[in-house]
Amino acid sequence: MNEIQKIFVDKDVLSFPLTKRIIKRCPGVPAAVVRYKQELDALLTSSADPAGEGKKYLWLSRQKGAFVKPCPCTPHYIGCNYFIINLALNCPLDCSYCILQVYLANPWITIYANLDDLWKEMDAFRREKKGKFVRIGTGELSDSLALDHITQTSPELISYFGRERKILFELKTKTTNIAGVLAGPPAENIILSWSLNSEKIAREEEKGAPPVEDRIEAAKVVSERGFPVGFHFDPLILYPGCEEDYARVIEKLLCAVNPSRIRWISLGSLRFPPALKPIIEKRFPQSRIIYGELIQGKDGKLRYFKPLRIELYQKIVALIKYWGGGQIPVYFCMEDTEVWERALKKTPRRKEEVELILSPRVNDSKSMTSKSGPSG
Amino acid sequence: LDSSEIRIEDMRYATLPLAKINLKDERFRTSYFFSLERLILSIEKAGLLSPPLVRQAEKGYILVAGWKRVLACREIGLSSIKVLVTEDQDDLRLFLASVHENLASRGISLVEKAEILRKLLKFGVPKRALLKGYLPLLSLPATGDHLDVLIGLSRAEDAVKKLVWEKDVPLLIVHFLLRFKPVDQRLLLPLLRPLGQNKQREILEDLWEISRRDNKPLQDILDEAGARRVLGSPKLSPQQEAEKMRLGLKRIRYPQLSYWEDRFKSARRRIRWPKDIAIHPSLNFEGEEISISFLFKNEKEFKARLEQLQAMARKKEFPEFFGR
């Protein structure tokens with residue numbers, strides 16, 4: 001993981017508790033108060049790799065807009081009615097396929113320090129949802145835990161959402177940074193989830209992230225502590241031998257973590273806007289992932305030719321069923337009805353129907369009663 | 001951008017024998033790949049109205065500005081011409097004077113812009129100044145990546161530069177071409193020359209990606225795409241050769257997609273689908289929908305098309321369109 005080399009503080013957030021905590025927890029890291037974030041630009045304009053260089057700089061600022069937004073998903077594919085909380089933008093990990101390389105306007109890591117505004121906004125959000133089940137998480141525009149040793153926001157988030165039983169709150173990570181999570185009591189609606197991949201992809205494409213085995217171990221610890229867990233096999237990447245590699249990870253995972261504690265597993269295959277291709281090529285010249293049979297999808301993004309996706313999904317779903325006992329809710333991220341139907345024998349037409357598949361009403365009677373180990 | 005302007009007071013008019021102008025010293029040259037036809041006609045009819053700028057050297061004179069004019073005069077067979085001679089010894093200042101004169105008086109091709117940038121670097125202009133000042137001056141995107149491609153172009157073989165000039169190849173395609181080794185670039189030129197920009201880009205991208213994916217030399221990939229059979233075939237025009245190679249490469253780059261496309265085309269052939277009704281799968285078969293379109297002028301034609309479609313739907317091969 002990239003080490004933070006300098007902290008820049010927006011003068012507006014200098015007195016906020018989160019700002020003070022971060023600075024205190026980064027002894028030896030120089031911090032400077034700046035009036036405008038443009039001052040950071042000057043640092044990066046001469047860099048040959050601003051996207052990589054930017055990960056060494058923290059920008060502590062105020063979220064001036066909304067913290068909570070519906071997950072934008074992608075046009076023409078089925079979403080899952082997920083909500084995202086943008087507490088931070090960008091991430092110290094450096095995955096070759098990361099869409100943030102083109103999605104974010106700035107290369108540095110931004111952390112919003114005005115947490116009081118988040119709690120107010122969440123109170124209003126909760127009132128607006130009037131007790132309906134909602135799935136929400138912080139891991140879309142950053143890794144939820146990668147900087148938790150500095151920010152220590154996870155205990156606060158867990159404490160807040162732990163009281164809101166109708167909100168399924170997800171912390172999504174690739175790291176083993178779980179000390180903050182383990183510091184407080186667990187809750188059934190707080191889901192710790194890990195992005196997983198094959199060992200080869202983790203090693204070659206997920207720079208700075210721990211090995212898959214360590215992530216599984218962290219998930220085991222957290223689930224045994226009493227938290228439900230989730231897993232995201234996303235992006236699945238095709239290469240010769242990938243099926244055997246994914247099979248090994250799924251076996252390891254479902255032997256290590258009790259399937260009854262798994263709230264969901266999502267599957268998604270490599271996809272990215274065409275603008276990311278030259279960036280991957282330049283920043284990760286050893287990577288071969290962009291040379292797969294990627295075609296333009298309905299949303300304009302490059303993704304594997306559909307029959308290849310369906311074939312891979314069918315195999316992964318079968319493996320999850322074999323090792324997980326068939327009760328783990330599985331869903332697709334950014335796929336269409338044909339993929340759902342052919343790989344999962346389910347036919348959701350809208351995001352609300354996907355949400356229903358993942359809601360506690362449906363799960364509770366099934367996943368909570370399954371036994372671990374292969375069921376055939 | 002310029003440290004100082006060139007001083008008129010430092011110049012004098014002179015009449016020089018053409019042979020005294022050393023064209024082998026190209027340090028100030030900014031003009032490449034041009035036709036002299038019109039200029040020759042102009043000089044023949046009206047004379048050399050604007051004298052070239054030269055600087056005295058140990059032996060003869062170095063040409064600062066007026067490359068085409070001097071060449072045209074040689075072509076015409078003039079033995080001497082009127083020139084402006086400068087005493088200025090600052091190479092960068094003189095080169096910039098030539099650049100600015102050219103920028104003001106004519107369009108500068110991509111190859112020429114690349115040469116200008118390479119020479120500026122050689123004259124000691126730092127990269128940062130090129131990015132900040134000279135790329136925008138030359139109407140080019142001011143990024144390090146673009147600068148690298150342009151410097152690469154300035155160092156490319158003449159045949160590559162000639163293609164870029166002749167076909168007005170955009171910077172992005174130049175970038176794709178220059179990713180290959182010079183020996184491979186030579187192999188590619190005949191394939192690219194007959195094609196439009198979109199297809200040039202497709203060939204270059206497919207070839208590059210196959211070579212990276214399969215770790216194969218370019219010649220092997222071209223052979224696999226049918227180069228020995230296609231290139232140089234007496235039955236094919238250069239355009240047909242290039243087109244066949246493009247399709248051959250697409251098959252290697254996208255084997256599954258190509259298989260599905262072939263299957264769809266084969267179903268259309270077997271069912272004898274009417275030529276005046278277009279039938280297409282969704283883009284890249286990503287959607288399940290198939291689209292049909294036809295033109296009609298009146299009710300009678302419309303009904304005739306519908307009858308044709310019904311006849312198609314009754315054929316036993318019809319379900320092949322839906323085999324996913």
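Predicted model: local features only at pLDDT ≥ 70, side-chain atom pairs only at ≥ 80, totals over all residues.
**View 1. The contact between chain A and chain B draws on 27 residues from chain A and 21 residues from chain B.** The area buried between the two chains is about 1900 Å², and carbon and sulfur atoms give 45% of that area. On the side of chain A, the residues that lose the most area to chain B are A:Tyr291, A:Glu293 and A:Phe305, which together account for 32% of what that side buries.

**View 2. Salt bridges and polar contacts link chain A and chain B.** The count between the two chains is 5 salt bridges. In one salt bridge, the side chain of A:Arg309 meets that of B:Glu286, with a distance of 2.6 Å from N to O.

View 3. Sorted by class, the residues of chain A that touch chain B comprise 12 charged, 9 nonpolar and 6 polar.

**View 4. The largest cavity has a volume of about 190 Å³.** A search of the whole structure finds 2 cavities of 30 Å³ or more, and the lining of the largest cavity is made up of 17 residues. Nearest the centre of this cavity lie A:Leu87, A:Ala88, A:Ser144, A:Thr151 and A:Thr153. Strand E8 (109–112) and helix H6 (148–151) of chain A are the elements that give two or more residues to the lining. By class, the lining of the largest cavity divides into 10 nonpolar, 5 polar and 2 charged residues.

**View 5. The second largest cavity holds about 30 Å³ of space.** The residues that line this cavity are A:Phe133, A:Val134 and A:Arg135, together with A:Leu168, A:Glu355, A:Ser359 and A:Pro360. In the lining of the second largest cavity, 4 residues are nonpolar, 1 is polar and 2 are charged.

Methods
Residues numbered from 1 in each chain as written. Chains lettered and ligands numbered in written order. Heavy atoms only, no water. Contact = heavy atoms within 4.5 Å. Buried area = accessible area lost by both parts, 1.4 Å probe. Salt bridge = Lys/Arg side-chain N within 4 Å of Asp/Glu carboxyl O. Polar contact = N/O pair within 3.5 Å; in protein donor to acceptor, adjacent residues only side chain to side chain. Nonpolar A, V, L, I, M, F, W, Y, C, P; charged D, E, K, R; others polar. 1 Å grid on protein atoms, 1.4 Å probe; cavity = no way out; pocket = protein on both sides within 12 Å on 5 of 7 lines; lining within 4 Å. Points joined across faces, edges and corners; volume = space filled by probe spheres on them. Helix = DSSP H or I, 4+ residues; strand = E, 2+ residues; numbered from the N terminus.
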